[in-house]
Amino acid sequence: MDGIVTEVAVGVKRGSDELLSGSVLNSPNSNMSGMVVTANGNDSKKFKGEDKMDGAPSRVLHIRKLPGEVTETEVIALGLPFGKVTNILMLKGKNQAFLELATEEAAITMVNYYSAVTPHLRNQPIYIQYSNHKELKTDNTLNQRAQVVLQAVTAVQTANTPLSGTTVSESAVTPAQSPVLRIIIDNMYYPVTLDVLHQIFSKFGAVLKIITFTKNNQFQALLQYGDPVNAQQAKLALDGQNIYNACCTLRIDFSKLVNLNVKYNNDKSRDYTRPDLPSGDGQPAIDPAIAAAFAKETSLLGLPVAAVPGALSPLAIPNAAAAAAAAAAGRVGMPGVSAGGNTVLLVSNLNEEMVTPQSLFTLFGVYGDVQRVKILYNKKDSALIQMADGNQSQLAMNHLNGQKMYGKIIRVTLSKHQTVQLPREGLDDQGLTKDFGNSPLHRFKKPGSKNFQNIFPPSATLHLSNIPPSVAEEDLRTLFANTGGTVKAFKFFQDHKMALLQMATVEEAIQALIDLHNYNLGENHHLRVSFSKSTI
């Protein structure tokens with residue numbers, strides 16, 4: 001059965017409903033007329049991860065449980081990172097499709113990858129498995145729209161890889177005007193850094209330069225490729241995609257600029273062709289060793305990834321587990337929890353002599369808006385912490401599990417509780433439970449806030465802001481030394497409102513942040529403290 005070459009019944013005049021009745025793929029074996037519906041007989045039973053590997057590999061893949069309104073472009077884009085897509089057949093009435101890749105190897109990589117990371121289209125999980133069909137023969141008149149889309153995508157791919165030996169008429173795709181894309185990020189509830197953009201867009205060709213900035217309260221970027229064709233391909237595949245689950249939507253247009261002039265290499269702008277550029281005053285240079293360590297840290301971020309209206313399922317930062325499956329794909333996603341996931345964390349091995357709800361609020365507040373904290377009455381070395389959403393709890397867990405707080409290595413896991421209960425009215429629980437729902441100190445209340453772009457793992461270097469003009473370096477050094485640590489280095493930014501301060505260890509920096517975030521420096525200035533990815 002596996003070796004059967006299928007042919008689509010050529011019946012141009014038949015109504016589309018009849019076409020979808022299950023006889024679309026005919027074959028010499030009459031028993032197979034219904035195969036389209038249940039490619040490996042798995043359609044009726046709940047599809048398990050390992051079922052994706054059922055059947056002999058084939059370059060034709062059967063995709064099921066597609067959202068009703070999904071387009072050919074979105075389905076084709078699922079396969080793009082893995083290689084050339086050569087054909088597609090959409091079965092709209094059945095919410096299914098067949099996708100043919102140029103090689104079996106590409107299809108195997110795609111199936112292996114998506115068995116590690118469930119693909120999503122328009123926020124719905126979809127299922128991909130090998131088809132019993134070895135190739136897809138479609139009648140172009142029946143499949144006209146799909147062929148047009150395919151031709152457009154192929155034209156872009158062909159222009160990008162001139163050695164592939166395929167030729168497509170140049171008129172198939174309007175030539176891109178500029179190698180520079182203007183990118184706007186909507187719903188930016190999580191940080192999108194220059195490095196994340198570089199990683200996503202590099203899939204489509206060499207990225208030469210990136211400049212990021214905030215305009216009209218929106219995070220935007222200009223990104224330059226070496227070739228306008230790469231810009232066109234990236235726009236086709238990524239416009240409308242979400243970088244993280246249900247947020248950070250990419251809106252992409254061609255820029256009127258054809259060349260970007262980058263003056264500094266730092267975390268706001270970068271010219272990848274000129275590593276010799278200065279970092280600019282007040283912008284600490286990024287030490288390559290730190291950059292590498294940070295990249296490794298971010299890879300464990302645990303941010304869930306899905307493509308909401310879009311196609312290339314995860315556009316995310318790599319994580320070690322999925323990396324093997326996706327090595328050949330070059331794009332790796334993290335199946336974390338969605339925004340609706342578990343919001344409550346269980347923190348254990350706390351120093352019960354020292355810990356307070358306030359200290360946990362301050363530390364965990366670096367990674368999200370803490371709503372409630374309860375130190376357990378019968379087990380005071382443990383606490384429940386409720387975050388604003390599942391992404392924040394995942395972020396806090398990934399960054400704080402294993403860190404030292406008050407001399408003890410804390411353990412952070414997701415709790416089975418859905419909420420943290422407040423004590424009954426009039427019941428004294430010795431101040432062990434505190435409601436921070438209306439706290440003015442939440443860092444992430446404002447969508448698109450700059451704080452989303454500055455979430456970093458605990459580090460010995462702290463970023464200080466909101467410093468009044470009257471406070472000198474010596475004052476701050478003394479203040480931080482009084483938290484029980486050693487101040488190793490200090491550097492004001494140009495405007496003296498911000499500074500970097502380095503403690504001897506990460507543990508000392510955590511302690512200083514807990515003690516001094518929101519510290520009143522006078523003149524109505526409350527000090528803001530966060531972890532920095534820079535060193536001094």
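**Phenylalanine pairs and a covered helix**

Phe490 is buried, and Phe492 is buried too. Keep in mind that this is a predicted model.

**Aromatic pairs**
- Searching the whole structure turns up two aromatic pairs.
- One of them is Phe361 with Phe436, a stacked pair with 4.2 Å from centre to centre and 15° between the planes.
- This pair ties together distant parts of the chain, 75 residues apart: Phe361 belongs to helix 9 (residues 357-364), while Phe436 sits in the loop between strand 21 (433-435) and strand 22 (461-465).
- Phe361 has a relative accessible area of 5%, so it's buried, given that the cut-off is under 20%.
- Phe436 comes out at 4% relative accessibility and therefore counts as buried as well.
- Phe490 and Phe492 make an edge-to-face pair, because their ring centres are 5.0 Å apart and their planes meet at 85°, where over 60 degrees is what edge-to-face calls for.

**A lysine over a ring**
- Over at Tyr377, the face of the ring has Lys380 lying over it, 4.7 Å from the ring centre.

**Helix 2**
- Helix 2 spans residues 72-79 and is mostly covered, with seven of its eight residues buried.
- The buried ones are Glu72, Glu74, Val75, Ile76, Ala77, Leu78 and Gly79.
- So the buried set in this helix includes two glutamates, Glu72 and Glu74, given the cut-off of under 20% relative accessible area.

How values were computed:
Residues are numbered from 1 along each chain as its sequence is written. This is a predicted model: local features need pLDDT of at least 70, side-chain atom pairs count only at pLDDT 80 or more; totals for chains, interfaces and linings use all residues. Side-chain values use heavy atoms; hydrogens and water are left out. Buried means under 20% relative accessible area, exposed over 50%, partly exposed in between (1.4 Å probe, protein chains only). Helices (H or I, at least four residues) and strands (E, at least two) are DSSP runs, numbered from the N terminus. Rings of Phe, Tyr and Trp (its six-membered ring) pair if their centres lie within 6.5 Å; planes under 30 degrees apart count as stacked, over 60 as edge-to-face and the rest as tilted. A charge sits over a ring if NZ of Lys or CZ of Arg is within 6 Å of the ring centre and within 35 degrees of the ring normal.
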